[in-house]
Structures are given as structure tokens and as C-alpha cells.
Amino acid sequence: MEQYEPDSLSAAQIAAIRRSLTSGRGALTRRSMLRAGGVGALTVGGLASLSACGIPPAKREGQGPASTDFSAKEKQLSFSNWTEYMDVSEDEKSRPTLEAFTKRTGIKVKYTEDINDNVEFFGKIKPQLAAGQDTGRDLICVTDWLAARMIRLGWAQKLDPANLPNAYANLSSQFRRPDWDPGRAYSYPWTGISTVIAYNTKATGGKKVDSVTQLLDDPSLKGKVGFLTEMRDSVGMTLIDMGKDPGTFTDADYDAAIGRLQKGVDKKQIRRFTGNDYTSDLDKGDLAACLAWAGDVIQLQADNPDIQFAIPSAGYITSSDNLLVPAKARHKTNAEKLIDYYYELPVAAQLAAYINYVCPVDGVKDELAKIDPELASNTLILPDKAMAAKSRAFRSLSSAEETAYEEKFAKLIGA
């Protein structure tokens, strides 16, 4: 079989994915901490599906005949999403926004929570995509690195802007131009995932912690600082603190950031690198301050008033989970209508009120305030303009870069 090098995985990449799915970003809570648990836990077989024989990319959209769209005749679509990533009624017997969509459009939605981790899900649909077959799904939600891979392979259909007026108008500026899908030609974000600084005021003696420099250099925090086992988050936040753009950094910039973190390890400023298990340490005060994911901070604050967060003045890292229409999907137009529906302000507010992740829909604050004023004022869900302006994305990496960077990061954290 022809080897397609950019999409084969090295040992370093596989190790990084294992970390992500067992305790890192891949294990982020979906309110009930199910994103990467149980069935979704990464198996050797799942990794083999990505790291074995490479596959040649399919023809990109526009290089061959478009997929036949049966939307006009078949008022239906199939939507695959993560667990606990959709609003449900209080009795947990219905999904209000989906039901309202069907009532309005007549389009029935087969909604399936069958994405437990990106790698496992990709292994599930890859054989059909590689063979040029319909996956049986018209809409999927995957994290940015996998969305980038599917677009690069030609396995996502180009979206029709005519069917997406709300999405185009209301998409927040911080999500408009990812380097892997400029102008959002193939994808729209479902939610954003922000990396911030969290601290326990009881453990810091009331001191505010608001920069990576403070995490690494403040002697009062020595031995009580946590960084993340996700390379893009820890290195990305360090790059930003050093005045470098994580969207355009060089090899030399990366090495400098690793060196900066290594000093924090050597002088025992950093207690440890953690996955999402930092939450218990921060809650107890064993960690005074750390890098943290916004969704976790919201949940921690609900139970512990000592937990605070800060957005560094230099900026912060944001990633996203994204909606794609797979190649050969039968109901592309119907899927586009559903994407656009979730960019209507009242609908976006209803979803955000339930899942509590960064809402990528601009102008939704007033609608969310009608549901819950406290959530509407929470900048971890609705970043204000000043916060959104500080958002940065970690640039796409070639396979060679990812291998080299992950090897250096694994050595740093002792993985």
C-alpha cells in the first residue's frame, strides 16, 4: 500500500495521544467526565489503525464529482457527537433544541453519542472514507487536529455558504481563521476549549496568579505549580509568555520554550505535569496555581469559592471541537441547515447553558442572560472582546515536526 507519510504516527505521537486520552485534553469532562472513559479509552488496536500502513489522500473537493445530495428527497440526517455535548430536558427524555429543529424544518435527526475519543472514532470511520464510501453519518464533531487531518485528506465536504447565513454572520472572530481551514470553508466550531491559569487563593495567601512568568519564577509558589501533559497547552502558553506567536513559531522558539520549562523543573518550581487530575490537587491546595482548562474551572468554582482564574495579559491558548460533513454523506444540505440552526442566538444560548464550554457564537449574551444571568457574565463561556482578542491557536504541525516536538516534550515531563 502506498505510504502517505504526513498521516502516519511516530512512537512519540502515539505516546502523546495515550497521555491525552487517559488524563489530558482528550479526557476533558462533558459534565460527567465521560469524554475518554470506558469504551473510548485508547486501545492498542485503536492506535494501530492510525500508525500502521499509511493511506493515500482522497481527491479534494472540486477535484472530482461532488457527492450526491439526497436532502431534498430525504428529510433526515445522522449526527455523531461526544457524550454529554447536547442539551437534554430535565426528565432526560428529550433533546429540546434538536426537537425544535425537526418541528421547524421537518428534518429528522438521528443523534448518536458515539464519539468517545478522536482516535477511536477515526479508526471507526477511516476504512469507509478511504474506500470512498458513505460513513452513514452526515455530521460529525471532532477536535481541531483531527478536523485538520480529514480536510487535508479530502475526507470532508466543502460547505455551501448559501446554507449558512447565521453561522457566517455570528461566528466569533477568534474562531474564524484557523490555519487548517482558513475562512471556515469545511468546518464550523461546536465549542471552544480555553487554557487559562487557575489558582487557589487559600494556597496563595490571597495572591493573584496571572502569568506563566509568575508560575515559573515566583518563589512563594515553589513546589506548588502545575503544568499540563498536553504539549500544545504547556508549550503554547510558554511561547505566548515569551512574546512568541504559537501560530507562527520556529524550531528555535520551541526549543527556547522547552528550555524555559526545563528550568522550572530543575529548580523544583514545577511540582508536576498533570492531566485533568490537577483538579483535585488544586481544590485541596496541593497545587497553588496551574494551567487549567476553562470547563474544569467553571465546575471547580461551583463548589469551591477559593478557586479563581486569570487570563494572562500576553494571551492564552484556545482549541476547538468542530462540525464537519464527511465525504460521501447523503444529506449535506440538511447537515448545513443544522449547523446554521445552532448559530441562531436563542439556540446557541440554550446549548451553552447546558454544556458550559466556550460558545463560538457572537452576540449570544442577552439570550443566555434570559436563561442564566450568571452564565452570561462568565467570560470562560462567553469571552468578552478583550479576552477574545488574547486568544491564540497552536499552529498545525507536519508529521516530522510533531514527532520531534513530542519527543522533546516527553523528555521534559519524564514520560
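**Entry 1: the whole chain**

I began by counting elements, and the protein chain has 18 helices and 10 strands, where helices (H or I, at least four residues) and strands (E, at least two) are DSSP runs numbered from the N terminus. I noted that this is a predicted model, in which local features need pLDDT of at least 70 and side-chain atom pairs count only at pLDDT 80 or more, while totals for chains, interfaces and linings use all residues. Residues are numbered from 1 along each chain as its sequence is written, and side-chain values use heavy atoms, with hydrogens and water left out.

Of the 415 residues in the protein chain, 56% count as buried, and here buried means under 20% relative accessible area, exposed over 50%, and partly exposed in between (1.4 Å probe, protein chains only). I then looked up contacts (heavy atoms within 4.5 Å): among those between residues at least 6 apart in sequence, 78% join residues at least 24 apart.

Why is helix α13 (residues 332–341) described as largely enclosed by the rest of the structure? It is because 8 of its 10 residues are buried, and these are Lys332, Asn334, Ala335, Glu336, Leu338, Ile339, Asp340 and Tyr341.

I next found threonine 238 in helix α9 (residues 231–241), and this threonine counts as buried because its relative accessibility is 1%. Leaving out residues up to four places away in sequence, threonine 238 touches Val212, Phe227, Ala257, Arg260 and Leu261.

Serine 396 lies in the loop between β10 (391–392) and α18 (399–413), and with a relative accessible area of 32% this serine is partly exposed. With residues up to four places away in sequence again not counted, serine 396 touches Asp179, Trp180 and Glu401. I also looked up how serine 396 and tryptophan 180 are placed, and they are 216 residues apart in sequence but 6.6 Å apart in space, C-alpha to C-alpha.

**Entry 2: cavities and a pocket**

I used a 1 Å grid over the protein atoms alone, on which a cavity is a set of points where a 1.4 Å probe fits but cannot get out, and a pocket is an open set with protein on both sides within 12 Å along at least five of seven lines; lining residues have an atom within 4 Å of a point. Grid points are joined across faces, edges and corners, and a volume is the space filled by probe spheres set on the points.

By this rule I count 3 cavities of 30 Å³ or more, and the largest cavity holds about 110 Å³ of space. Its lining has 15 residues, with Trp190, Tyr342, Leu351, Pro360 and Val361 nearest the centre. The elements that give two or more residues to this lining are β4 (187–200) and α14 (345–355), and α14 gives the most, with 4 residues.

For classes, Ala, Val, Leu, Ile, Met, Phe, Trp, Tyr, Cys and Pro count as nonpolar, Asp, Glu, Lys and Arg as charged, and the others, Gly among them, as polar. The lining of the largest cavity has 14 nonpolar, 1 polar and no charged residues.

The second largest pocket has a volume of about 370 Å³, and of the 20 residues that line this pocket, Asp362, Leu382, Pro383, Asp384 and Lys385 are the closest to its centre. I recorded 9 nonpolar, 7 polar and 4 charged residues in the lining of the second largest pocket.
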